[in-house]
Amino acid sequence: MSGLIASSINFLIYSSVYLIFKKIVIASFCGYFVGIAFSYALAKIWVFQNKSKKNFFKSFSAFCFIYFLGGVEMSFVIVFFNQFLNNFRIAWLFGAFIASLNNYFGSKYFLFRE
């Protein structure tokens, strides 16, 4: 649920910035950054109910690194499965599943552990 909320916010910011500035790179960056920030906040407060007082910039950087690794894993899995299935949509589902596992367990065991 938190991923859906963060993705929706990402898309809303992306669309709004694009309509204002007509620059897809700026819109993409702004949407992604705001989406990641909301994802971090939702994960910390709602998903893992983490109350630690760790440095925000340090923990947010670690969060971004975990999600970067998930994105890299997702890309490799998509390429791998698409070679065998020749179906980019199903390959994306496998990739998204692997990235979701990485992001959840990385956040749970490395970032928001108590």
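1. The accessible surface of the protein chain amounts to about 8,200 Å², and 73% of that surface belongs to carbon and sulfur atoms. It should be kept in mind that the model is predicted.

2. The protein chain contains 4 helices and 0 strands, in the order α-α-α-α along the sequence. Its C-alpha trace spans about 45 × 40 × 20 Å along the principal axes.

3. Of the 114 residues in the protein chain, 28% count as buried. Where contacts join residues at least 6 apart in sequence, 58% of them link residues at least 24 apart.

4. Helix 4 covers residues 88-111, and its 24 residues should span 34 Å at 1.5 Å a residue; the end C-alpha atoms lie 32 Å apart, which agrees.

5. The buried residues of helix 4 are Ala91, Gly95, Ala96, Ala99, Asn102, Asn103, Gly106, Ser107 and Leu111. The cover over these buried residues includes helix 2 (24-47) and helix 3 (56-85).

6. Asparagine 103 belongs to helix 4. Asparagine 103 counts as buried because its relative accessibility is 12%, and the cut-off for buried is under 20%. Its side chain makes a polar contact of 3.0 Å with the side chain of asparagine 102. Leaving aside residues up to four places away in sequence, asparagine 103 touches Ile66, Tyr67 and Gly70.

Technical notes
Residues numbered from 1 in each chain as written. Predicted model: local features only at pLDDT ≥ 70, side-chain atom pairs only at ≥ 80, totals over all residues. Heavy atoms only, no water. Helix = DSSP H or I, 4+ residues; strand = E, 2+ residues; numbered from the N terminus. Expected span 1.5 Å × (residues − 1). Buried < 20%, exposed > 50% of the residue type's maximum accessible area, 1.4 Å probe, protein only. Contact = heavy atoms within 4.5 Å. Polar contact = N/O pair within 3.5 Å; in protein donor to acceptor, adjacent residues only side chain to side chain. Areas by Shrake-Rupley, 256 points an atom, 1.4 Å probe, with all protein chains shown as cover.
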